[in-house]
Amino acid sequence: MAFSKRPMRRSALIGPWGVGAIVPFPNDESLMIAGLDAWRYNDPKPFVIKDPRLTKRLGVSELRWPPDFRENNADPQNCNLKIPAVRFPTWYYCPFCGQMKQTKYYQTQPLCDAIQWKEGRKCSAEGKYRRKMIPERFIVICPEGHIDDFPVAEWVHHDSGHKYDPNTCRIRRSTGGASANLTGVFYQCTCGAKKSMAGAMRKGALDKIGYRCKATKPWLGVSGEETCTAKTEDVKVVLRGATNVWFADTRSSISIPVDDVAIKRKIVGILNKYFDAVNASRTNGELNREFINLIAVTDGVNAEELYQAFVDRANNMKNNDDIDENTSEDEYRLQEYRVLCKSSGSDATDFHSINYSVMRYNPIIHYYFDSISLVPKLRETRAFVGFSRLEPNQKTIAERKKELRLGTSEDWLPAIEVYGEGIFFKFDGEHLAEWAKKPVVQQRIDSLNQAYHHSKFSEAEVGDLRPEYVLIHTFAHLIINQLSFDCGYGSSSIRERIYCGKTSDELGMYGVLIYTASGDSEGSLGGLVRQGEAGRLEDTIVSAIENASWCTSDPICIQSAGQGPESLNLAACHNCALLPETCCENGNRLLDRGVVVGTLSNPEIGFFNALRNM
């Protein structure tokens, strides 16, 4: 069901909300975004995002923008498009008298029936004065991704000596007493049963009342059509607005050039406009020369140059043939890393990088980096592939996609594309490897590995964390913090993209891209690239290291044996290295200032220790 006049940004449907997420709207409305089966496009062509690499990696035929609302006169073919949603939770209560009522997924928000209770207040039964009921705060979630209403009737009648009859029983919700916790929330039934919410969120609480996960998927409108494999004690009661109700699984890609650097801007425009048509008109596998000649005459360009440009793009597109759903994240980023390590693209394409040797910069940073690339222009595509609940668990792309729709007739995923700029740091691999082999560094990372191997965050990885990864990741956070001061960007508008294996060095990547990619003009103001120029970047790096050498929570922070989510950080807190989670690829995990600047007892652990007193 599509609910009108509930505006939200299209980019929000990739994160923080999307299919299966509960979206809070004004006037106490709570809706869940429906599955992709219910999304409607009258003509999907204007919504298609062209990113062949990411499309192939996700195993779909198309990536599409979420539909936006358009008036009839603006776009007759795609007018009045809406994002479908269902009503969840389905239990509602009156904020005045406490009466509860359960609705259906597709009903409108209910009104209070003004039932007379023996005690308490009574609502008005007159039509225009009837109060609007509000959704229940408590829900049930499962690690397998299922979600259900809190079993109000079962909870209040368990061990009460009364039996619930849906035809005669009426349940009332009330709050009061001196306690502000769950013991102050009561449910009572007209049959005499009464119980508070005390203990409802404890592990195994639902098991005691005989509740079993029903494999409910409100976003698809199904319940009980499959068997839940999760342990009963792992099914938990949470608040519907809790952060662990929904974790988005998104995959992103930086658009890399497939054309020669020196190609003319006009030819690039022709390639973008006609490449799909020319590629589809092949004869015996060869490009249609006559068709290309006709385009050259029509657009007034050299036919031979245009033909060669089509051939080059077609050949470069073959580099994507070895990409599929089983391609690892590191393997997928290797193409981007190679492009970022050199001057690539031009201002006529969606990507443009200018690579400088570190010798162009002040000698104080020569030891640490091999080169710096300024990226005046880049395009990032972010696709939504699925979600998880309770914990951001690791699943394959194929497993994720199955949860987004019931049928298999459609083959697309929602995505957005954003533009921005960035700075790419390529570290000196030889010096980095030499530093990582130091026993004191290995000992430092071993303490982080103990927490890492016992966390759900390591499910997709085999092996121990590498010091190089923790260093590059922490350095990225420190630089983002400093750039937000130097450039004027909000820290939430700057992101990191790490090119380094977490547990393996087979691909030999040692770099990080710090970039802005936002849906508005803030993503391409030019300030970030300007700050990456020689004479400016050195000051930013030195300031970042100096600021990281002492945290306002030290010595507690620097001496920490584990803090943050699942204790997956060492010396990193909100006063020094943590960022808004939109910036970080790891949800503010795997951070340690100690490997960057050293510790109080052993400064030599820090890779950048020599810059502390510059």
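Analyst: Happy to! Rolling a probe the size of a water molecule over the atoms shows where empty space is left. Here, the largest cavity holds about 80 Å³ of space. A cavity is a set of points on a 1 Å grid over the protein atoms alone where a 1.4 Å probe fits but cannot get out, and its volume is the space filled by probe spheres set on the points, which are joined across faces, edges and corners. This is a predicted model, in which local features need pLDDT of at least 70, side-chain atom pairs count only at pLDDT 80 or more, and totals for chains, interfaces and linings use all residues. Residues are numbered from 1 along each chain as its sequence is written, and side-chain values use heavy atoms, with hydrogens and water left out.

User: Which residues line the largest cavity?

Analyst: Lining residues have an atom within 4 Å of a point. Those of the largest cavity are P143, E144, G145, F387, S388, R389, N393, K395, E399, R400 and E403. By class, two are nonpolar, three polar and six charged; Ala, Val, Leu, Ile, Met, Phe, Trp, Tyr, Cys and Pro count as nonpolar, Asp, Glu, Lys and Arg as charged, and the others, Gly among them, as polar.

User: How many cavities of 30 Å³ or more does the structure hold?

Analyst: Two. The second largest cavity has about 40 Å³ of space, and its lining consists of S549, D554, I558, V597, G598, T599, L600 and R612. That lining divides into three nonpolar, three polar and two charged residues.

Note on methods
On a 1 Å grid over the protein atoms alone, a cavity is a set of points where a 1.4 Å probe fits but cannot get out, and a pocket is an open set with protein on both sides within 12 Å along at least five of seven lines; lining residues have an atom within 4 Å of a point.
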